[in-house]
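I wanted to look up the aromatic contacts in this model. These are my notebook entries.

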Amino acid sequence: MAYLFRAPWRNARVLPGLREPSFRRLFSAAAARQSDRKHVQCEIKNDVAVVRLNSPGSKVNVLSEEFSKELIEVMEDLLANPEASAAVLISSKPGCFIAGADVSWLDSAKSVEELKEISMTGQAMMQKLEDSSKPVVAAISGSCLGGGLEVALGCHYRLATKDPKTIVGLPEVLLGLLPGAGGTQRLPKLIGLPDALDIALTGKNVRADKAKRLGIVDRLVTPIGPGLKTPEERTIEYLEEVAVETARGLASGSLPMPSREYKWSNTRGIKYHLTTNQKYVRNYVFGQAHKMVMKQTNGLYPAPLKILEVVRKGLEEGPIAGYEAEAQGFAELGMTSESKALKSLFFGQTECKKNRFGKPSRDVKTLAVLGAGLMGAGIVQVSLPKGYDVILKDNLEEGLTRGHQQVYKGLNDRVKKRAMTSFERDRTMSNLSAQLDYKGFDRADMVIEAVFEDLKIKHRVIQEVEAVTPDHCVFASNTSALPITQIAQGSKRPSQVVGMHYFSPVEKMPLLEIITTEQTSKDTAAAAVDVGLKQGKTVIVVKDGPGFYTTRILAPMLAECIRLLQEGIGPQTLDKYSRAFGFPVGMATLADEVGIDVAYHVAEDLSKVFGARFGGADIGVLKEMVDNGFLGRKSGKGCYVYSGRKGKNKQPNTEAEALLEKFHIPIKGSHDQEEVQLRLVSRLVNESIMCLQDGILNSPVDGDIGAVFGLGFPPFMGGPFRFVDSYGAQKLLDRINRFRDTYGEHFEPAPMLQDFAKDPGKRFHAK
């Protein structure tokens with residue numbers, strides 16, 4: 001099949017009868033190239049070529065254009081080198097084999113043709129590995145994702161360390177792409193259609209032990225403990241030793257090649273043949289996968305649908321058609337607006353994982369959390385596994401017990417999923433002290449409060465904390481709306497007060513919004529960001545102000561949601577329209593999730609500050625719902641009535657609908673789907689622009705990241721600022737002006753939006 005692909009090495013096969021002088025010329029040229037290489041080096045150990053992957057100045061290896069060329073050159077030399085009977089591909093970086101393709105390289109492509117050439121070159125590189133007469137062993141430790149897994153799939157044998165950090169996967173779908181170097185063709189044939197689709201359509205990471213069970217990995221290697229070197233360094237050395245012996249055994253025949261055949265004589269083989277090779281069952285698998293994709297994406301993301309198409313093409317029409325479809329699909333997807341938006345979020349996340357304040361002067365070792373409710377326990381849950389000594393304090397023993405149980409359950413769920421052992425769970429829990437007093441706070445480096453949203457309570461708590469903590473201790477508030485400046489007024493150390501706004505559920509939501517005041521010191525901000533990053537959060541830092549960023553932009557959209565309910569649109573229709581736009585949760589459901597009582601207090605506070613711009617709906621609706629106990633999901637009633645296990649069954653709340661009749665507003669415009677969607681979204685987008693204009697946001701990138709990962713703004717649109725760039729500032733301004741004329745002054749457009757509309761060349765993002 002190698003003849004299908006154009007690549008620099010396609011004529012590099014070993015030629016029989018090559019004379020010794022030619023070998024010398026070849027190897028001297030190879031040696032010269034070796035010294036010039038930055039990313040890939042090769043060493044012959046006895047008769048096995050050890051190819052080491054190590055991109056300089058980077059924590060990870062990625063398949064950049066330069067990296068790929070060097071890997072091609074090394075494999076050319078290897079195949080022509082009579083001293084090497086086999087090869088091992090191994091990373092010199094602990095924790096990373098190859099993390100995938102260089103997204104910047106892919107993003108720089110200017111055309112479908114350019115992306116297709118990249119894909120075809122990658123396909124040829126993997127085919128060269130597969131076609132090699134010399135066995136090639138992939139020795140995997142750490143992340144082996146995307147193009148990294150495709151490299152490994154091209155090898156004849158795969159070793160992996162049995163370590164939680166060793167993962168394989170095909171995350172291209174999360175960038176609006178499909179695996180473009182053979183992954184859509186090799187993986188289904190290797191492990192069967194259902195498991196391959198599960199990996200490719202979700203972009204999920206698969207741990208090494210599961211990869212072994214699936215058949216992706218042939219052998220697991222147990223990590224080595226500490227010695228003269230770090231455990232990671234010793235493990236890499238041991239992995240290399242095992243890989244070299246494995247390669248030597250494969251070359252000599254003393255170790256047989258693993259069988260990739262599935263037999264009808266066992267359950268696994270029967271499942272493989274029925275679901276992958278048998279037409280009718282295979283069609284059923286594709287049909288079910290298509291239903292799942294449509295249910296989860298509403299057809300708004302082209303990549304998963306294209307993956308289904310390309311995988312089917314290879315299985316039904318053969319490898320030539322399959323590889324051609326893969327290259328063409330990869331190229332076409334790479335130029336879509338959805339992929340460009342998702343790649344921009346990837347770049348934004350990468351930036352948000354850096355601490356722009358630098359390293360804090362003192363590492364946080366002991367972290368105290370006040371309040372053992374859902375938020376407090378969630379903060380503990382994401383902190384404990386990161387090596388912190390954690391103190392969880394609450395005023396009530398019942399609440400403390402409930403919080404402790406929540407933390408234990410979260411860790412135990414990881415044991416059930418084999419993400420950690422029971423020993424690791426118990427060892428982690430031993431670092432938690434759950435208590436009713438301030439014992440041990442004298443060694444706390446940071447205290448995060450998650451108590452009631454009441455300024456007087458916050459002031460009392462901060463004064464109690466400062467009386468028992470060391471002078472360097474940072475005080476962080478998890479408030480979602482109270483200005484940090486007002487909270488800091490109760491502190492004798494206002495420079496060490498900062499906001500750390502987590503999102504519920506903390507263990508699942510990726511965003512952390514850090515809020516700094518005019519008095520917050522750089523070192524305090526650095527410490528807060530450092531803790532957030534270690535907790536695995538995507539961190540944005542915003543300036544203090546009413547509602548900060550995320551709450552401030554959510555409030556006017558929820559106000560419009562309430563107004564639409566007042567106009568008579570039902571909660572189910574509202575949810576249907578907002579989900580059709582791309583939100584993961586409908587707006588009426590979101591109001592219930594946030595809490596009607598929370599929405600009421602936030603609306604009341606922010607409307608006092610921002611006036612008519614936060615109006616449109618009658619706040620009395622929220623007050624009466626709260627007075628009637630309709631607090632949302634937590635009370636079992638809100639816009640919906642929740643029943644069944646964990647409230648998974650929901651029906652419209654007829655009592656709330658009757659209540660809304662008292663606040664009915666005549667329809668002035670239309671309830672067409674697009675009209676409703678834009679009324680909701682334009683209020684969020686307009687307020688986002690106001691936040692940038694007011695200096696709350698540091699950049700449009702932070703605004704996009706905050707809206708997508710904190711509030712569920714449709715990822716395929718890239719966030720509110722990229723939405724404006726794509727939709728058009730003038731077009732959006734025209735719609736908002738029309739809404740203002742129809743519905744009222746709460747649709748007053750942001751001056752910055754009007755400014756951008758005047759100049760078509762102005763964009764929030766350069767690309």
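Entry 1, conventions. The model is predicted, so I took local features only at pLDDT of at least 70 and side-chain atom pairs only at pLDDT 80 or more, while totals for chains, interfaces and linings use all residues. Residues are numbered from 1 along each chain as its sequence is written, and side-chain values use heavy atoms, with hydrogens and water left out.

I searched the whole structure and got 16 aromatic pairs (ring centres of Phe, Tyr or Trp, the last by its six-membered ring, within 6.5 Å; planes under 30 degrees apart are stacked, over 60 edge-to-face, the rest tilted). Phe583 and Phe713 are edge-to-face, because their planes stand at 80 degrees, with centres 5.9 Å apart. Phe583 is in the loop between α22 (571-581) and α23 (587-594), and Phe713 in the loop between α28 (700-711) and α29 (720-727), so this pair ties together parts 130 residues apart in sequence. Helices here are DSSP runs (H or I, at least four residues), numbered from the N terminus.

Phe723 lies in helix α29, so the pair links parts ten residues apart in sequence.

I read relative accessible areas of 4% for Phe583, 1% for Phe713 and 6% for Phe723. Each is listed as buried (under 20%, with a 1.4 Å probe and protein chains only).

Phe581, Phe583, Phe713, Phe723 and Tyr727 form one aromatic cluster. Lys731 lies over the face of Tyr727, 4.5 Å from the ring centre (NZ of Lys or CZ of Arg within 6 Å of the centre and within 35 degrees of the ring normal).

Technical notes: Helices (H or I, at least four residues) and strands (E, at least two) are DSSP runs, numbered from the N terminus. Buried means under 20% relative accessible area, exposed over 50%, partly exposed in between (1.4 Å probe, protein chains only).
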